[in-house]
Amino acid sequence: MAQIELNDVCLRYFTINEETEALRNVNLSVDEGEFISIVGPSGCGKSTLLSLVSGVIKPTEGEVTLFGEKLKETSDRIGYMLQNDHLFEWRNVLNNLLVGAEIRGINRKEAKERALDLLNRYGMGDFAHHSPKQLSGGMRQRVALIRTLVIQPEILLLDEPFSALDYQTRLTLSDEISTILREQKKTVVLVTHDISEAIAMADRVIVMSKRPSFVKRDYKISFAGGRPSPFYTRQAPEYNDYFNEIWKELEEHVHA
Ligand SMILES: Nc1ncnc2c1ncn2[C@@H]1O[C@H](COP(=O)(O)OP(=O)(O)OP(=O)(O)O)[C@@H](O)[C@H]1O
């Protein structure tokens with residue numbers, strides 16, 4: 001069943017003396033439990049698309065449907081993870097994990113149990129009482145993901161969550177996080193500039209056109225022997241073909 005649907009969505013930003021047409025007739029459907037990535041030229045409207053799905057902004061035209069209902073306001077069933085981890089330096093890791101639960105009025109005891117369980121499960125059990133300052137960039141992003149999972153969203157929107165990390169951490173963390181999200185059976189929309197990350201992590205890669213942006217291509221990513229872990233995806237024979245095709249699609253924009 002489609003959990004997210006965008007039907008002919010247009011988005012224009014209006015400022016005092018300018019109108020920016022970011023999205024034009026975007027049509028997209030994401031099924032429950034599906035993991036998709038969105039790539040496209042810089043400034044084409046990828047983050048805008050996530051904001052529309054989260055309900056933070058409303059389409060100028062068209063409709064966003066979540067769980068079969070027209071989206072009217074922000075939904076508690078959605079979690080967001082960004083490039084910046086937004087951890088509070090004055091709170092320890094565990095108390096950072098409880099922030100979302102506090103905002104949403106989730107029972108503290110229940111949220112704390114869930115947070116500790118997730119920390120243990122994902123190799124961070126020894127860091128519950130550490131300050132964020134004592135963590136590496138990769139660990140901080142792992143905490144940011146766990147903070148999102150504590151509120152048990154069904155849909156996760158990831159906006160360039162690895163782009164501030166060094167290359168090696170980025171590879172390891174993208175591998176870990178996609179394993180966690182698949183294990184948790186979340187529906188995921190990942191925005192990334194990194195084609196290789198998009199292919200390695202997702203079931204589908206959506207290529208957006210330049211602005212005013214629409215869905216230019218929708219690649220289903222499949223591997224003959226079944227999906228390997230993201231790290232090994234890069235060694236699968238199909239990987240290079242996907243990479244070259246998507247790169248060609250994007251390169252057209254650079255030389256346009
Ligand atoms: N609040 C806003 N007001 C006016 N224009 C905006 C606003 N937010 C975004 N834009 C414009 O809309 C277009 C799409 O922006 P958006 O950030 O969604 O693109 P993006 O594909 O995520 O960018 P990038 O690849 O650089 O991260 C850009 O031209 C941007 O300048």
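**Close-up views of a predicted model**

**View 1. Strand 1 pairs with strand 4 in an antiparallel sheet.** Five bridges join strand 1 (residues 2-15) to strand 4 (residues 61-66). Strands pair if DSSP finds at least two bridges between them. Helices (H or I, at least four residues) and strands (E, at least two) are DSSP runs, numbered from the N terminus. C10 stands opposite E61 in strand 4. The open sheet has four strands in the order 2-1-4-5, with antiparallel pairing. Its edge strands are strand 2 (18-31) and strand 5 (69-70), and each pairs on one side only. In general, strands of a sheet pair through backbone hydrogen bonds, either parallel or antiparallel.

This is a predicted model: local features need pLDDT of at least 70, side-chain atom pairs count only at pLDDT 80 or more, and totals for chains, interfaces and linings use all residues. Residues are numbered from 1 along each chain as its sequence is written.

**View 2. Helix 5 meets helix 6.** The axes of helix 5 (residues 137-150) and helix 6 (residues 167-183) come within 10 Å and cross at roughly 20°. Helix 5 is therefore roughly parallel to helix 6. Axes are lines fitted to C-alpha atoms, for helices over the stretch in contact, and angles run from 0 to 180 degrees between N-to-C directions. Angles under 35 degrees count as roughly parallel, over 145 as roughly antiparallel, 65 to 115 as roughly perpendicular and the rest as oblique. From helix 5, G137, G138, Q141, R142 and L145 meet T169, T172, L173, I177 and I180 of helix 6 (C-beta atoms, placed from the backbone, within 7 Å). These contact residues comprise four nonpolar, five polar and one charged.

**View 3. Helix 4 packs against helix 5.** Helix 4 (residues 108-121) and helix 5 pack at about 140°, with axes 10 Å apart. The two helices are therefore oblique to each other. A111, R114, A115, L118 and L119 of helix 4 contact I146, L149 and V150 of helix 5. Seven of these residues are nonpolar, none polar and one charged.

Methods: Two residues are in contact if their C-beta atoms, placed from the backbone, lie within 7 Å. Ala, Val, Leu, Ile, Met, Phe, Trp, Tyr, Cys and Pro count as nonpolar, Asp, Glu, Lys and Arg as charged, and the others, Gly among them, as polar.
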